[in-house]
Amino acid sequence: MGRAFVYVILGGGVAAGYAALEFTKRGVSHGELCIISEEPVAPYERPALSKGFLLPESPARLPSFHTCVGANEERLNPKWYKEHGIELVLGTRVKSADVRRKTLLTATGETISYKILIIATGARALKLEEFGVSGSEAENVCYLRDLADANSLVKVMQSCAGGNAVVIGGGYIGMECTASLVINKINVTMVFPEAHCMARLFTPKIASYYEDYYQSKGVKFIKGTVLSSFEFDSSGKVTAVNLRDGSRLPADMVLVGIGIRPNTSLFEGQLTLEKGGIKVNGKLQTSNNSVYAVGDVAAFPVNLFGETRRLEHVDSARKSAKHAVAAILEPEKTGEFDYLPFFYSRVFAFSWQSFGDNAGEVVHFGDSSGSTFGAYWISKGHLVGSFLEGGTKEEYEAIANATRLQPAVEDLAEVGRQGLNFALTVSKRPLPTPPIEVSRSSLVVEKPVYAWHATAGVVLAASVAGFAYWYGRRRRRW
């Protein structure tokens, strides 16, 4: 028993929806495309789960946040897929893959074959048991990765209004869900081993701004330690959290956000892996030329920094999916995926955007006691990263453009003094004239900036920043 398709997308998350829309825009025929997903629903905008979905009043619910509303595109509900001749194989787990034979075997025993496969399997939430702590199965211990997790979290939240929640982890999930818990009138204590929240992205100074606000909302922070064990009642519910530093925290619920791990197991030993994900080239193509990988699972070359990276953010998932489809259907017209790393978040009344790399020396600017402030990262004499809270559409576009252009920086103090004006000025500079000839050698030299390349990158960066600003204004509750 089996079915055959020209194109198969394995995974039903954000990337799958954006890839499907791109396929239809480029004229895929009815019956050629199939999406296989373990989830029982069509692809949706996952960021809604930690924001609008958790609101106590008028919460976001499907079908309102099916892809691709996050990018101001069509809402792809199940009817849309049917009308476009796209087969949705939902609630289905693939238990094995054979890239040589181009087949996938489902848990029900069906074989699905393909000519081209796009791996969009994303990642799974890391469980406490992987760190030697048991208790994840308790009904009031929650994770947040998919719709089922979100439904369980809402149920638990509703049962402990006015109670105590312990949030394990100080990253994206921890910070965004803590804001939602506060809005639901739940007392929150955040626990994480780092010296400050969002340690992979924020500087101590940036982190302190948000931590101060969270504390003004009643949130408590316990830093520099980790969970060691739970205490349970006779029904198996967690009643307290014990920390390695000896602290004991009463708990009516626990939310765990300690990171993710890419879902690569089906392809280990078949495809080249790197950075914890599946290695791809500039066209998102894996070591097997019939297989592509996108989103959280893909480790792709970031041209701006000359190295391979795996990025965990919805913007990367959306754009890599669209680029892979373009590379599949129009390979001669599609260049390499030239992506500017981009992260953003919205919690409470805050909205920040970050571009590039947080490496090298940092220069803070603006008034962190006000509503607008930011930072630049300078490495090897060039701007490589930027961060801005509370900017306008034009300001976000400016820091994106400036980061893409990587201007030389000689005086860090002067850059700090100029603040946003530095990015606004740099983003308006005329682009350099491309060299007539560039020879390739084994020597490591400073890479030239080509005018057409930079122009395309700046346009892309501006569109990214502009969309994120629009999206934040239009859908604050997400």
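Where does glutamate 330 lie? Glutamate 330 is in the loop between helix H6 (314–329) and strand S24 (342–347); helices (H or I, at least four residues) and strands (E, at least two) are DSSP runs, numbered from the N terminus. The legends below describe a predicted model, in which local features need pLDDT of at least 70 and side-chain atom pairs count only at pLDDT 80 or more, while totals for chains, interfaces and linings use all residues. Residues are numbered from 1 along each chain as its sequence is written, and side-chain values use heavy atoms, with hydrogens and water left out.

**View 1. Glutamate 330 and arginine 26.** Between these two residues lie 304 places in sequence, but their C-alpha atoms are 8.9 Å apart in space. Glutamate 330 is partly exposed, with a relative accessible area of 28%. Here buried means under 20% relative accessible area, exposed over 50%, and partly exposed in between (1.4 Å probe, protein chains only).

**View 2. Helix H3 (residues 147–159).** H3 has 13 residues and reaches 19 Å from first C-alpha to last, close to the expected 18 Å; the expected span is 1.5 Å times one less than the number of residues. Its buried residues are Leu147, Ala150, Leu153, Val154, Val156 and Met157. Their cover includes strand S10 (141–142), helix H4 (172–183) and strand S17 (253–256). At the N-terminal end, aspartate 146 caps H3 through a side-chain oxygen 3.3 Å from the backbone nitrogen of alanine 148.

**View 3. Helix H4.** Nine of the 12 residues of H4 are buried, so this helix is largely enclosed by the rest of the structure. Among the buried residues are Met175, Glu176 and Cys177. The buried residues of H4 pack against H3, strand S11 (164–168), strand S12 (187–192), helix H5 (204–216), S17 and S24, where contact means heavy atoms within 4.5 Å. Just after H4, lysine 185 takes a positive phi of about 60°.

**View 4. The largest cavity.** A cavity is a set of points, on a 1 Å grid over the protein atoms alone, where a 1.4 Å probe fits but cannot get out; lining residues have an atom within 4 Å of a point. The largest cavity holds about 80 Å³ of space. Its lining includes Tyr172, Met175, Glu176, Phe202, Tyr210 and Trp352. H4 gives the largest share of the lining, three residues. By class, the lining has eight nonpolar residues, two polar and one charged; Ala, Val, Leu, Ile, Met, Phe, Trp, Tyr, Cys and Pro count as nonpolar, Asp, Glu, Lys and Arg as charged, and the others, Gly among them, as polar.

**View 5. Serine 37.** Serine 37 sits in the loop between strand S3 (33–36) and helix H2 (78–83), and at 3% relative accessibility it counts as buried. Its side chain reaches the backbone nitrogen of glutamate 39 at 3.1 Å. Leaving aside neighbours within four places in sequence, the contacts of serine 37 are Gly11, Gly12, Val89, Leu90, Gly91 and Thr92.

View 6. Most residues other than glycine have a negative phi, and most peptide bonds are trans. The bond from leucine 62 to proline 63 is cis, with omega near 15°. Leucine 284 has a positive phi of about 65° and is buried, with a relative accessible area of 0%. Lysine 380 has a positive phi of about 55° and, at 83% relative accessibility, counts as exposed.

Conventions:
A polar contact is a pair of N or O atoms within 3.5 Å; within protein, one must be able to donate a hydrogen and the other to accept it, and residues adjacent in sequence count only if both atoms are side-chain atoms. On a 1 Å grid over the protein atoms alone, a cavity is a set of points where a 1.4 Å probe fits but cannot get out, and a pocket is an open set with protein on both sides within 12 Å along at least five of seven lines; lining residues have an atom within 4 Å of a point. Grid points are joined across faces, edges and corners, and a volume is the space filled by probe spheres set on the points.
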